[in-house]
Structure formats: C-alpha cells, structure tokens
Amino acid sequence: MYNKALEREKFFHIFFKPYFSSINAVTRNKNFKNSLTNGIDYKYIQNYFISLHASLPNLRQIRYLDFDGNEIIRVNSSFLNSNDSLKKTIEVVPQNKLQNKKEIQYFKKFKELNIGEVGISKIELNKEFGKITLPKQPVVRLGMILTDNDKNKKGIIIYNISLRELFKNLDDTVLYHTHLIDKNGSFLSHHNPNYGLIGKDMSYNLYDEFPEYAYTVLSEDSYYLKNFYSFRIRDFNNGQNIKMVLEPKFLEEVEQTQKTQNNFVWLSILFSVVLLPVIIYFSKLPDFLRDKANKEQQHDKLTGLPNRVTLVNDLINKKFPSSTIVILISINNLLKIQSTYGFKISDEVVKTFHKMLNSLDEENILKIYSNNYSTFTINFEYTDYGSFKNFIDFLVNNLESCSFTLNDEEFDFLLDITLGISNPHKLNYGIEELSEAENALEIALSKNKPYDIFDAKHNENIKTNKENIQLARKIKNAIEQNGLILHYQPIFNNQSKKIEKYECLARIKDGDELIYPNIFLPISKQINKYNNLSFLIIDRAFEYFKDKSVEFSINLSILDITNIDLQKYLFEKIEEFDVKDRLVIEIVEQEGIANYAEFISFLEKIREYGCKVAIDDFGSGYSNFDYIVKMSDYIDYLKIDGSLIKGISTNPKTQLLVGTLKFLCDNLRIKVIAEFIEDKETFEIIVNMGVVYCQGYYIGEPQDKIKEENNE
C-alpha cells in the first residue's frame, strides 16, 4: 500500500507539472512582457491564450486580471455536443461579458503572492456568477503575478484547471480505492459517484465512512493500518491540507464472505440435527458461489455479454461452424466521451451500443461478445461475399449514431467506429480468426479507414509486429545490460579547415549487430522506454566529453524537452560535468511543437547556462522559415537535412533553396551545417556556397572514439 501510495502521489504531481511549467513560462514570455510595458496587444495575448488551451487538455480557462480584480482578457474552452460531432471549443470572452473578481477568495490570495511564486486555490466546484455550473466541474486555480520589462507588477494570470480526469484516473487501479479529502474530512473525490464534489451527497465525509479513525487521519500527516493508509500530499500547499486515502477495493467483499462463513459454521453446529435439509442446502452453497464466480469471470459486468475469455475459449474449442469469421468493432472516441462527460455517460454509451448490436436483424450473427470496454466482437457465419459485404457496410453506416436519455437529459453522440475483420476467403477455423481480426483492426486504425479485411498482404504486418516485439526486448536488454553505446561523427569547419565538433549518435549493440536510432526510437516510444534512453544518452555523452575540449552535441526531441524530469536531470548534469560552453543541444524535428511557451522557456534556460542550440533536419518534418525566424534569438546552428543536400550537385532548384536558406541564416546570425556530405563533388559545391560547416561520410563516419587532435 505504501508503494501504491507513492505511485498515486507521483501521478497527482505529474498531472499538474505541465500547468505549473506553462504558467511560469507565461510570466517570462518576452512578447507578453513587451505588451504589458508598451500597451496591451489584445490580439497577441488572445492568440497566445488560445495556443495554451490547445496544448493543455484539462485547461478550462485562462484569465489576465488587473489588481482591482477586473478581467482584462479571458479565454474559455469547453466540450459541446453538436448534431454531427463532439468538438472542443475555445472562446475568447467578449469585453461586455468580463467579470470583476476582487471579492473572490482565490483572487485575494493570488494578489498577495511574491513575484515568481505560484499560488494554488482550493479544490472546489466551478462557479459562474456565484452559481455552481452544471454538469459539476471540480477545478483548481493556479495564479502568478505578471510584471513588465521593468519588473513593475501589472496584474495576475490565472489558470482554471478541470480535475475530472485527475479524479477518474486516481482511482483507476486494480486493488485499491483512492480518495482525496480536505482538512475537514470532506471528500473531494470518492470512488462512489454519489459522494465527493461531483456527487449528489456532498456532505458525506470521512467520519461517515471511517468513524473509528477519522480523527487520527485528520490530525496526523500519515496513518497506517492493515487495510488502510492515508498521507498528506506534499508540495501542494493550497490551504486544504489535502490527504490521499487508500483502501482495498475488495475488503468489504472479504469481510462479508468471512462473516457468512462464520455464521454458517455456528448455524451448522446449532441446527445440524433439527435443520438437516437446510445443512444439505448450505453444503451446496460453495458450488453455487463457484458457478456464480465462473459466470462473472466469463461475462462483462456492464453489458452481461460473454467477454474475451469466453471468446477465446469458444474459438479454441471450435464451438462454431468452420465458415465463421470474426468481426471486431472498436468505439474509438469512447475514452474522449468518458473524460469529457464522465463514467456514467460513457457506460450508457456502451450499454446503448450493446442494445444496438443485439437488435441487429441478421440471421448469420452467431454470437456477440464484449471484448473490452470499447471493443465488441461478432462471430459471423460466412455464406457468400455479397451478403457479407452488405452486412459490413450496414454496420459502418448504422452504428455511428448513439442516442439515449439519462436523468431527463438527452444525449446524442456520433461514435467513431472502426472494424477489423478476419479473412473471409481463407477460413482458419479457430483462434487465428481473432488474430487476423485484431491485425486488420490495427491496420484500419493506423490508416484512418472505417474497416479493414485481413488478406495475404497483412502477413507482412504480422511479420513487422513480430520483429517489433523482438526489437522491444533488445531495447529493454540494452537499457538494463549496458547495451546502449554512442558513436561520434565529426563536423568540419570549411573556413578553418578543421574538425571542430562532434555529434553523439546512439546505437544499440546486440551481439555483433548494431541497431540504429531510426529503427529503435519509434519502438522505444511505443513501449515507454524512450525516456530511459534519453537519460542514458546524457550520461554517456557527458562522461565521455568531460575532459575533452571540443564541442559536442546531443539530440533531444520535443518529447524530451517537455519532460520536466529530463529537463531537471539535464541541467543537473550540465552543472556536474561543467560542459556549459561545449554542449550543443540539437533539437530533432520529429513532432510539432504543441506548447510553444514551454519550448521557448527551455531554450531560454539552455542559453542562460551558456550552451548552444541547433535545429536538426531542417527541410523535413514540420520545419519552415517562419519557425526559424521566430526562434532566431535562441538558435546558434541550423542543420540542413540530407534530403536537400543529396541531389544538390544536379538540381538547380535545390541549390536555390539551400542558398536562400543560407542567406536567411546569415542575416539572422545563425551558422549553417550541411549534413549528408557523401562525396567530393557535393563537398565542393557546399564550400563554394559559403556554408560554414559540413558533416557526412566524406568528412568522417561515426566512430566509437574521437581523434585526440583535430586534423586539417
């Protein structure tokens, strides 16, 4: 329970990290400060707030207020149910609808903050004009003082963060319920939807549920019993003294079973003679309970349908005709519906969808299963391709609309449905049908197709999946057994005629095989090992170059930069190894920049440390000239991608593009590095164009050691 508590507390803090980082970045944003200094640029701030909404999923409101409590700018976001889709809307609130918040408690608290200090409000229900908004929305607010370029206080920035997703995921564990309580014992979140902030009975508190030790829980920072653990959440000082409470999910069932067994023993002793028929009845009770447990194990509790366990058994035991095919139906946006509207609504969607499947008038349907919460399975008897295809088209066209009424409120959802179907032309008759359907579903989802039918071409995908599974094992072994190594590729200065710097390139060594980043990095992200590799690359590179005088670069992606733990580790290692003036951070353009403010904040800090920044692979991915101009104050080097360099000797258009790019960089005082210099002809063209640096096999291949001296 202690380990689980640490895990839940870490999850709590991870949820808030992006919001703390973002609001800090806002207060340091140069353009924002300029606007506060020279006159408010409403359009810029509004667009800036809109971009923050887009990058922070649970952010519901950003406000800039003056010190009299007047809202200067407010941008809201919400999910609206329209007739044709489920959309997130972002709204700039008109001036005539802005409010004054000077009498609100959290504003008074934030007004007293020191510059650079983040204030945290109480966790409470969202209100507008003094009334609780419906549906109930638990929120917390972060606030910071805004200053202009002269460090004069100009107002307060406030984030309003929805906690529905946090509450839901906190309790998403197999063995334990997780509750949040305040200093009075009131439940902020509770596994029972009737209690807590969003429940009907908000007065239900710790004394009602745990009267025997509620007082001790509230008076001590942590409290432990055999089946109970509570502790105060650290580093979240909002005045509520929030505690997390863990209790086993199945304790009540265990105690009830024990009580039943004890009562049964006493009844057996007392009435064994008089009530022999009753004893015989109860002697059969374990068999009854076992049968009931088996039934529950094989059926989905929500829909009552047989589950995946039953599906697998039925296919293995060939309980259907040999002409059976398997159709998987995935509700892709169910998680989005759940995170927006809550478990009750998503459960109703599942139950309504189940009723829709049951109502299908198709004699070839053999059995319907609930594969998991968002996926259903139909075993279908194949007779001919025409009728089979008609049935698939019918499913695609008629299962998208889902309507129901809950508590007198009508809901109408457009469901995002995808089908995966086993091969109707080559019937395997068994568990292979399920594997084929799952493979087809994977293909359909990856290609955004409404459905996919397995055929011979999918065998290549199965082969790829097998290779990826083996590669995942190699990545894990490399992390655990020191199999990640670095090679170093030289970068040549065309003006000084010397090798002046090296790029660190990661490799995984598996026996005699070297595996390259373009192969193992995508898989490492899928198996959540990407961060482990990034930490190891920092360690290996800094250790190797700690006593060398040349510049060296490491590659970081946007994923790395937005990882707060990795940022902290990187800056600690920069200090420890004292590589400030020799380190170059190469930013790899693998993903778009979702949180521009956080990205700029990282670049500012890197420059403060004295390190340099390079943009890698320019000319591929999301790169564009506007991107370079905006970030020019933070960029030292721009590396032109090999796709532009490869054909430069024969392609005048490419020469023009590279020349234009060099002209732009020269004016922005950014040095250009041309990658993929493979031959003398390409090298000479690049040199004649005035490009400062070259990198590629013509200059030197990546090696596990660098030359001790830079040779001409």
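I count two residues as in contact when they have heavy atoms within 4.5 Å.

**Ground rules.** I am working with a predicted model, where local features need pLDDT of at least 70, side-chain atom pairs count only at pLDDT 80 or more, and totals for chains, interfaces and linings use all residues. Residues are numbered from 1 along each chain as its sequence is written, and side-chain values use heavy atoms, with hydrogens and water left out.

**Entry: the cores.** I looked up L570 and, leaving aside neighbours within four places in sequence, found it in contact with I538, F542, I554, L556, I585, F602 and I606. Next I asked about nonpolar cores, meaning sets of buried Ala, Val, Leu, Ile, Met, Phe, Trp, Tyr and Cys residues joined through side-chain atoms within 4.5 Å. Buried here is under 20% relative accessible area, exposed is over 50%, and partly exposed is in between (1.4 Å probe, protein chains only). Which residues have the most contacts inside the largest core? They are F542, I554 and L570, in a core of 75 residues. Helix 18 (residues 530-545) gives the largest share of this core, nine residues. My helices (H or I, at least four residues) and strands (E, at least two) are DSSP runs, numbered from the N terminus. Another core, of 48 residues, lies apart from that one, and A5, Y48, L56 and I233 are among its members.

**Entry: aromatic rings.** A pair of aromatic rings is described by the distance of the centres and the angle of the planes. Rings of Phe, Tyr and Trp (its six-membered ring) pair if their centres lie within 6.5 Å; planes under 30 degrees apart count as stacked, over 60 as edge-to-face and the rest as tilted. By this rule I get 43 aromatic pairs. Why is the pair F353 and F376 tilted? Its planes stand at 45 degrees, with the ring centres 5.3 Å apart, so it counts as tilted. This pair links distant parts of the chain, as F353 is in helix 13 (residues 343-358) and F376 is in strand 17 (residues 375-381), 23 residues apart. F353 is buried at 0% relative accessible area, and F376 is buried at 0% too. I then checked F545 and F552, which form a stacked pair with 4.4 Å between centres and 5 degrees between planes. I also noted one aromatic cluster, formed by F12, F15, F16, Y19, F20 and F236.

**Entry: charges over rings.** I say a charge sits over a ring if NZ of Lys or CZ of Arg is within 6 Å of the ring centre and within 35 degrees of the ring normal. The charged end of R8 does this over F11, 5.1 Å from the ring centre. K548 has its charged end over the ring of Y544, 4.0 Å from the centre.

**Entry: I640.** I found I640 in strand 28 (residues 637-640). Is I640 buried or exposed? I640 is buried, with a relative accessible area of 0%. Its C-alpha atom is 7.2 Å from that of V672, 32 residues apart along the chain.

**Entry: strand 1.** Seven of the seven residues of strand 1 (residues 59-65) are buried, so this strand is largely enclosed by the rest of the structure. Strands pair if DSSP finds at least two bridges between them. Strand 1 pairs with strand 9 (residues 153-162) in the antiparallel sense, over six bridges. Across from L65 I found I156 in strand 9.
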